[in-house]
Amino acid sequence: MIFGACYYPEHWDRGEWKHHAELMREAGFNTVRTGDFAWGCIEKEEGVFEFSYLDDAIEVLAAEGIRVILCTPTAAPPKWLVNQYDILQRDRYGRRKNWGARREACANSAAYRERSVIIAEEMAKHYAHNENVIAWQIDNEFGCHDSTHCYCENCRKAFSKWLERKYGTIERLNQTWGTVFWSLQYESFEDVILPVYNSCEPENAHGWSHNPSLDLEYRRFASDSWAEYQKLQIDAVRKYTDKPVTHNFMGHFADIDYYNLAKDLDFVAWDNYPDNQWGSSEYEYVSMAHEIMRGVKNRNFIVAEQQSGPCGWDMFGAAPEPGQLRLWTHQALAHGGEGMIYFRFKPLHYGMEQYWYGVLDHDGIPRRRYYEIQKTGQELEKLEPYIAGAKNHYDALIVRSYDNIWAHQIKQHARKFNYQELLYSYYRANADLNINTAVSMGNYADYKVVYMPAYNVVHPEEMEKITEYVRNGGTLVTTFRSGTRDTFNNLFTTTLPCAFAELAGIEVEEFAALRKPVAVDGIVSSKAEIWCDMIKPVTAKVLSIYSDGYFRNKAAVTVNIYGKGRVYYIGCDLEREALGRLVCHISERCGIKMTEMPSGVEVVRRNNCMILMNHNDCEVRVGLKGKSLISNQHFNGKLEAYGVEWILAE
């Protein structure tokens, strides 16, 4: 399996390369990932390509048994390109993003596209027959630094053409979008604006008080622009080599439709930083990110950048404690990972990322982190037969839709409402019960229960699939703010919950964005703090009711028999413990096995293994026993602080 680090030879004196490669070999590394910001080194002036430094570095690494994932360097355009061509993005205020960082170029700039294809082709041509180059990565982290959305003239013209292909006539667009409101009718596709700064700048930074159909379509267009830009480079590389091609995604990031972006790639890679200057993540949040990445293609992935030290740009995040690097590595592999690349081998003493530490410190002396990673690599050699090609067993699915992420940002419903946080609350409730839970738009028939929280923008084909799933015996869980909008971000005029009304067997008589908490009693007791749907059962059975205010005695949670299956409708937000109890109740009725564990202990089932991970900073004891695949001894149930075990369950 792939095990290595990100390494940039252009950062170091040639005399250091051999020593670095020897240290990598001693750490057990077999792969480096490189090239992703080297455009200015490879093409110092337009049309003049120089690969000698990279050739030499690859040879030095190969001498130590280390192969290369080679990245196209287009995330960081050189100064000559900016001097000669207008490739820079414009923000919502029309301001040009200046050169001097990275990811400042526009996906719809003809010059940026052309020069990107050229350098990708030249690299692929040069390394087509180099056996030490094992895979390719296109660019680096599309969309980071708020770079998905550009509002330049190139984008406006490309958006007009994108809309014309979709709608055919401007009359159809006007009618579909309801542009008669506020006299927003367009005379031609060339007339259509971008959702830039206007007279109604809102508090919500995600929306700009534009027609919601325009706003949603623009986000789709911007996402498509980057997928199209990526495809140009993929095609350029594949003209010369059949080595696999990937891109490094960013987990929960949601400005780009990752299902679409992944479509043309051979496999998904992603960048995992659980604890940096911007904050630390709950372990369930990291697990969900891994599952999002696996679910993008419903295939295993690699981690292209794994945090290996304290990191930040202008201040440090927390230093990983002893055992955490090993734990994070096993967590990734447990959730579908098949390769691990740490960022980075050695930190730089100059440039923006001076504080982004790696496997080594600035002095290059191996210390605790290096030896912990070395030990982890030795473990992975033993475990490789249980990792490569292994499949996880999933009982539950969280449906994650990028259209819904965008639409909920455009129309937020209530001040505290956050769609992605709602999805996470349902994932965490399952994870806390150690229920293996996928996150995707997958084949519903593969799961005992499907969660579609706030599935608001309704795609007819998904509704057909989920209806058939329930009819044939599946269990669906949906919530408030589901089923109310069509794919153009317009509201349905039928009774709430509109598209889900028949499945759920209910009508929503009234709803409220809450100013104060409302008590909920019944199968679970809780307080709703964000939203309440007051439910009128039609064929559904009431499980919980509201118990104060004018909501009193109105149904809050229901279940409906539909065909051979069940549909749960949860009309309000629930506190964490209450949601956990409800998910437990639903899971029991679906025949899902739950594994009781001490708080902070994660259990994942993969093939015939059970992977135990202790995210606590203290030792715990668990009830599971079996043969340890790491020590080849009987597992005694003890997990040290941040400890990990892979066992064959008895």
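Author: Residues are numbered from 1 along each chain as its sequence is written, and side-chain values use heavy atoms, with hydrogens and water left out. Because the model is predicted, local features need pLDDT of at least 70 and side-chain atom pairs count only at pLDDT 80 or more, whereas totals for chains, interfaces and linings use all residues.

Reader: How do you know whether the radius of gyration of the protein chain agrees with that of a compact globule?

Author: The globule rule is 2.2 Å times the number of residues to the power 0.38, with the radius taken over C-alpha atoms; for 650 residues this gives a value near 26 Å, and the protein chain has 26 Å, so the two agree. Along the principal axes, the C-alpha atoms fill a box of roughly 75 × 70 × 40 Å.

Reader: Why is Asn108 called buried?

Author: Buried means under 20% relative accessible area, exposed over 50% and partly exposed in between (1.4 Å probe, protein chains only); Asn108 has 14%, and is therefore buried. Of the 650 residues of the protein chain, 62% count as buried.

Reader: What makes the pair of Asn108 and Ser225 a polar contact?

Author: A polar contact is a pair of N or O atoms within 3.5 Å, where within protein one must be able to donate a hydrogen and the other to accept it, and residues adjacent in sequence count only if both atoms are side-chain atoms. The side chains of Asn108 and Ser225 make such a contact at 3.2 Å.
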